Amino acid sequence: MAVTLIATSGATNANSYVTLADAETYFETRLHKSSWDDETDDNKTIALIWATRLLDDYFIWDGFKVSTGQALMWPRSNIFDIEGNSVSSGSIPTFLANATAEYAMFLLDEDKSIEDGTKGFSRITLSGLDIYIDKNDRKGVIPQSVYAMVRNYGEVSYYKRRILVRG
């Protein structure tokens, strides 16, 4: 059974911030997108839904939900862009749709939300049981490119900050 993507702004059953068609349009002007182009529409749909879910899980968005009945954290009211202009509360803003598409492509590469086994260890010594942890070799759950698109509209959840964003 194919998953149904619902990108209706403010809907009680919405599960994505961007339609598959709009994501395809976004990628028409992006280089290095083979992981997107090589996937089936079903996998792209699942990635867009997953990206939306993770964005809502990892960010505390500015402003307020427009309706208590909406399934997703956006649309939101009382949101302003970096120039102080009001962001429409009647639709999903372009920055968020683009960030969702970008994040979906990132998620298609590999599952970044699981731990990397021995990642984090720069040295292990068995005889003296010396273990050196290098936390800088772990990939973040959200790539810098996505974080740059959304950082002006919310903040990373304090508890998830340590694993969230790395280059």
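Visitor: Among contacts between residues at least 6 apart in sequence, what share joins residues at least 24 apart?
Guide: 59% of them do, with contact meaning heavy atoms within 4.5 Å. This is a predicted model, in which local features need pLDDT of at least 70 and side-chain atom pairs count only at pLDDT 80 or more, while totals for chains, interfaces and linings use all residues. Residues are numbered from 1 along each chain as its sequence is written, and side-chain values use heavy atoms, with hydrogens and water left out.

Visitor: What does the secondary structure come to?
Guide: The chain has 6 helices and 6 strands, and from the N terminus the order is α-α-α-β-β-β-α-β-β-α-β-α. Helices (H or I, at least four residues) and strands (E, at least two) are DSSP runs, numbered from the N terminus.

Visitor: How much of the chain is buried?
Guide: Buried residues are 37% of the 167. Buried means under 20% relative accessible area, exposed over 50%, and partly exposed in between (1.4 Å probe, protein chains only).

Visitor: Which residues of helix H1 are buried?
Guide: In H1, residues 20-27, they are Leu-20, Ala-23, Tyr-26 and Phe-27. Down the helix axis they fall within an arc of 115 degrees, so they line one face of H1. That arc is taken from the directions from the helix axis to the C-beta atoms.

Visitor: Why would that spacing put them on one face?
Guide: An α-helix has 3.6 residues a turn, so residues three or four places apart point the same way.

Visitor: And what covers them?
Guide: The cover includes helices H2 (34-37), H3 (41-58), H4 (94-109) and H5 (144-150).

Visitor: Switching to the largest nonpolar core. Which members touch the most others?
Guide: Trp-36, Trp-74, Leu-96 and Tyr-103, out of 39 residues. Such a core is a set of buried Ala, Val, Leu, Ile, Met, Phe, Trp, Tyr and Cys residues joined through side-chain atoms within 4.5 Å. H1, H3, strand E1 (59-61), H4 and H5 each give two or more residues to this core, and H4 gives the largest share, 11 residues.

Visitor: What is Tyr-103 in contact with?
Guide: Beyond its neighbours within four places in sequence, Tyr-103 contacts Ala-51, Leu-54, Leu-55, Val-141, Ile-142, Pro-143 and Val-146.

Visitor: How many aromatic pairs are there?
Guide: The whole structure holds 8. Rings of Phe, Tyr and Trp (its six-membered ring) pair if their centres lie within 6.5 Å; planes under 30 degrees apart are stacked, over 60 edge-to-face, and the rest tilted. For Trp-61 and Trp-74 the centres are 5.6 Å apart and the planes at 75 degrees, so that pair is edge-to-face. Trp-61 sits in strand E1 and Trp-74 in the loop between strand E2 (64-65) and strand E3 (76-77), 13 residues apart.

Visitor: What about Trp-74 and Phe-95?
Guide: That pair is edge-to-face too, at 5.7 Å centre to centre and 80 degrees between the planes. Phe-95 is in helix H4, 21 residues from Trp-74, and both are buried. One aromatic cluster is formed by Phe-59, Trp-61, Trp-74, Phe-95, Tyr-147 and Tyr-153.

Visitor: Back to that E2-E3 loop. Is Gln-70 buried or exposed?
Guide: Gln-70, in the loop between E2 and E3, is buried, with a relative accessible area of 4%. Its side chain reaches the backbone nitrogen of Ser-67 at 3.0 Å, and a polar atom of that side chain lies 3.0 Å from the backbone oxygen of Leu-72.

Notes:
A polar contact is a pair of N or O atoms within 3.5 Å; within protein, one must be able to donate a hydrogen and the other to accept it, and residues adjacent in sequence count only if both atoms are side-chain atoms.
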